[in-house]
Amino acid sequence: MQEVTATSRHYVDRLFDPDPQKVLQGVIDMKNAVIGNNKQKANLIVLGAVPRLLYLLQQGSSSPELRTECAVVLGSLAMGTENNIKSLVDCHIIPALLQGLLYPDLIFIEACLRCLRTVFISPVTPVQLLYTDPTVIPHLMSLLSRSQRTQEYITQIFSHCCKTPEHQTVLFNYGAIQNIAPLLISPSYKVRMQALKCFSVLAYENTQVSMTLVNVLVDGELLSQVFVRMMQRDQPIEMQLTAAKCLTYMCRAGAIRTDDSCIVLKWGNFKHYSSKVDSKI
């Protein structure tokens, strides 16, 4: 166990001050103290900072700024070690943050989503926690239109938490394809890349998804053509490979033929990258 310092205890004690402004300043100071400091993060977790931060985050009397700062600090704690993540999950951070997404304040929503993204991409977080409440997925779909940040964080959460055919079915049934397809032409590379990864995990060994993708139009262009454009050599390698995965999975499902014009025109690249797909799965 990390050495518990007097300084760390002081940060936690300030979270209990009866003056809301002093609590807010205490959270801000805590945020600045934990940046890049894993020892400080571990100390604060041991001293019980997480339950108090979650309490403040969920309190109706907390100001929007205080709730947002609490979410930011929790996100920073989540960027520490795997033990930190386990502690956060044990404190039920996921349902608390998901509940936070019901607030109207966009900055707070983005802070909650950023923290959720950090927690869910950790290998120690049970992805099934995303699917426990059946209202969560449709609400996340509805938040995709709020901002580029919500689009980036939500699609990254989906791509990391889609691990089984059951997960694919849930996301498919709640409109993942039609909600995420427009993001493939987002001006943000991060959004485009995360949306592409979503299609990769949705189509993997899934005939129903692959067959549906064939008929999807993105701004008047067939989705398969969008994937082909993303395989062009002027695109980042990560994007080329992920787009090739999507087309490979569609071919294997029989959704598109290997003599389809979109494949023939890119045959050299497709053979090159589809051979890599098997080694990357």
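The side chains of E221 and R229 form a salt bridge, with N and O 2.9 Å apart. E221 is partly exposed, at 24% relative accessible area. R229 is likewise partly exposed, at 35%. The model is a predicted one. In total, the structure contains 6 salt bridges.

Another of these pairs R117 with E152, whose closest N and O atoms lie 3.9 Å apart. R117 sits in helix α8 (residues 106-120) and E152 in helix α10 (residues 148-161), so the bridge ties together parts 35 residues apart in sequence. R117 has a relative accessible area of 16% and is buried. E152 also counts as buried, at 15%.

A further salt bridge joins E238 to K197, with 2.9 Å between the closest N and O atoms. This pair links distant parts of the chain: E238 belongs to helix α16 and K197 to helix α13 (residues 189-203), 41 residues apart. E238 is partly exposed, with a relative accessible area of 37%. K197 is partly exposed as well, at 25%.

Helix α16, the helix of E238, spans residues 237-252. Its 16 residues reach 22 Å from the first C-alpha to the last, close to the 22 Å expected at 1.5 Å a residue. The helix is mostly covered, with 13 of its 16 residues buried. G254 follows α16 and has a positive phi, near 80°.

S76 lies in helix α5 (residues 64-78). Its relative accessibility is 12%, so S76 counts as buried. Beyond its neighbours within four places in sequence, S76 is in contact with V34, I35 and K41.

Terms used: Residues are numbered from 1 along each chain as its sequence is written. This is a predicted model: local features need pLDDT of at least 70, side-chain atom pairs count only at pLDDT 80 or more; totals for chains, interfaces and linings use all residues. Side-chain values use heavy atoms; hydrogens and water are left out. Helices (H or I, at least four residues) and strands (E, at least two) are DSSP runs, numbered from the N terminus. The expected span of a helix is 1.5 Å times one less than its number of residues. Buried means under 20% relative accessible area, exposed over 50%, partly exposed in between (1.4 Å probe, protein chains only). Contact means heavy atoms within 4.5 Å. A salt bridge is a side-chain nitrogen of Lys or Arg within 4 Å of a carboxyl oxygen of Asp or Glu.
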